[in-house]
Amino acid sequence: MKPIYLGLVTALASFNSVAKPADWTPGFGGDISLMAAYTNTNSQFSDDNATTPNLDSHGKDQSSTIVAPLGTLSYTLDNAKQQFFFGTDRSDVALGRFHAELGYRQKMDNGSTLSVSYIPGLLDIKTWQDPYVTNKAREKTGSHIKAVRIKVDNIAGSMFSIDSAYGKYDLDEEKSGENFAVNKQLLDRNSDIFFIEGSHLLPLSQTQMLRSALNYTKIDASGKAMAADVFGGSATFIQLFQRSSLAFTLSYKKALFDAENPIFNKKQDDNQFGAFLAYEYKQPFGWKDWGVVSLIGYNTTQSNINFYDADTMLVSLGMNYRF
């Protein structure tokens, strides 16, 4: 999976949940987006960085383009209070990875919206069998996330929301550190994952909003060097115009790992910063239900282990259709 796709899904989370709330019109509905994007990254986990000469630094700068489809399909019952949905939810769950989600949501009498969903692990996310191979091409393997998710939006009309998920991250082939004389069990990335986020939406005016959020992720990996507690926060400023919407997001995450990585002889400690600017223009050329969506973003991970340092820049442009 290209970093652009994961960053795109994560960055659009707040923007879509506020600027584009769920449509409760009875019957079928949904939306389809097609994004063309350019990305530049030096991550060791980019699939363009298959070969690395050493483990002492981030990977080489790599540029690529991708066309990324996103979409959801929903069916709302005649009472306009109950809805079934399936698709690629634009939100950050289970480490922010792209996923397909099947679920049910219901409007409550107190103003809340309750959602329960299942992430069935249909999508194959590529990673390295052994990230620590040098001077020859690293082999890819598939990975999957399966999770159960519960959300309560606008709790009792308070503008506070809570989002939680519990799931499993499984690799088809886990061979981390197989060329080193170390305890390979410490490097096993297969994990149980728990995620929770609390957020608040503050209206500043009729056309301006501020969404703030705090989140926590527990990665209970089979390998203790891969297990971590991740603390994060974000703030999104949203400006609504007559025919367009603008959202600017700043985010931060701190990852503290449980045990010493035997390859580097130290515990991993990461700081991740992100900034994204998203813009949508509605009804271009007078096309009803269409929108032009663009995104500019930058994300950096600064680790005490240079191998995990990464910088990613992305620019994207696409079309969205709601039906």
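Biologist: Buried means under 20% relative accessible area, exposed means over 50%, and partly exposed is in between, using a 1.4 Å probe and protein chains only. Which of these does Lys218 count as?

Modeller: Lys218 counts as partly exposed, at 25% relative accessibility. Before we go on: this is a predicted model, where local features need pLDDT of at least 70 and side-chain atom pairs count only at pLDDT 80 or more, while totals for chains, interfaces and linings use all residues. Residues are numbered from 1 along each chain as its sequence is written, and side-chain values use heavy atoms, with hydrogens and water left out.

Biologist: Got it. Which side chain does Lys218 meet in a salt bridge?

Modeller: That of Asp258, at 3.7 Å from N to O. A salt bridge here is a side-chain nitrogen of Lys or Arg within 4 Å of a carboxyl oxygen of Asp or Glu. Asp258 is partly exposed too, with a relative accessible area of 32%.

Biologist: Which strands do Lys218 and Asp258 sit in?

Modeller: Lys218 is in strand β10 and Asp258 in strand β12, and the two are 40 residues apart. Strands (E, at least two residues) and helices (H or I, at least four) are DSSP runs numbered from the N terminus.

Biologist: How many helices and strands does the protein chain have?

Modeller: One helix and 15 strands.

Biologist: Back to salt bridges. How many does the structure hold?

Modeller: Nine. One of them pairs Glu197 with Arg211, at 3.3 Å from N to O. Glu197 is in strand β9 and Arg211 in strand β10, 14 residues apart.

Biologist: Is Glu197 buried or exposed? And Arg211?

Modeller: Glu197 counts as buried, at 11% relative accessibility. Arg211 is buried as well, at 13%.

Biologist: What about Lys81, what does it form a salt bridge with?

Modeller: Asp109, with the closest N and O atoms 3.8 Å apart. Here both ends are in loops: Lys81 between β2 and β3, Asp109 between β4 and β5, 28 residues apart. Asp109 is exposed, at 77% relative accessible area, while Lys81 is partly exposed at 41%.

Biologist: Which residues are linked in a network of salt bridges?

Modeller: Glu101, Arg149 and Asp163.

Biologist: New topic: the inside. Which residues touch the most other members of the largest nonpolar core?

Modeller: Tyr132, Met226, Phe264, Phe307 and Tyr308, out of 17 residues in that core. β10, β11 and β12 each supply at least two of the core's residues. A nonpolar core is a set of buried Ala, Val, Leu, Ile, Met, Phe, Trp, Tyr and Cys residues joined through side-chain atoms within 4.5 Å.

Biologist: What does Phe307 touch?

Modeller: Leaving out residues up to four places away in sequence, its partners include Phe45, Leu55, Pro131, Tyr132 and Phe264. Contact means heavy atoms within 4.5 Å.

Biologist: What does the second, separate core include?

Modeller: That core has six residues, among them Ile119, Ile145, Tyr169 and Leu171. Over the whole chain, 47% of the 323 residues count as buried.

Biologist: Where does Met313 lie?

Modeller: In strand β15. Met313 is partly exposed, with a relative accessible area of 31%.
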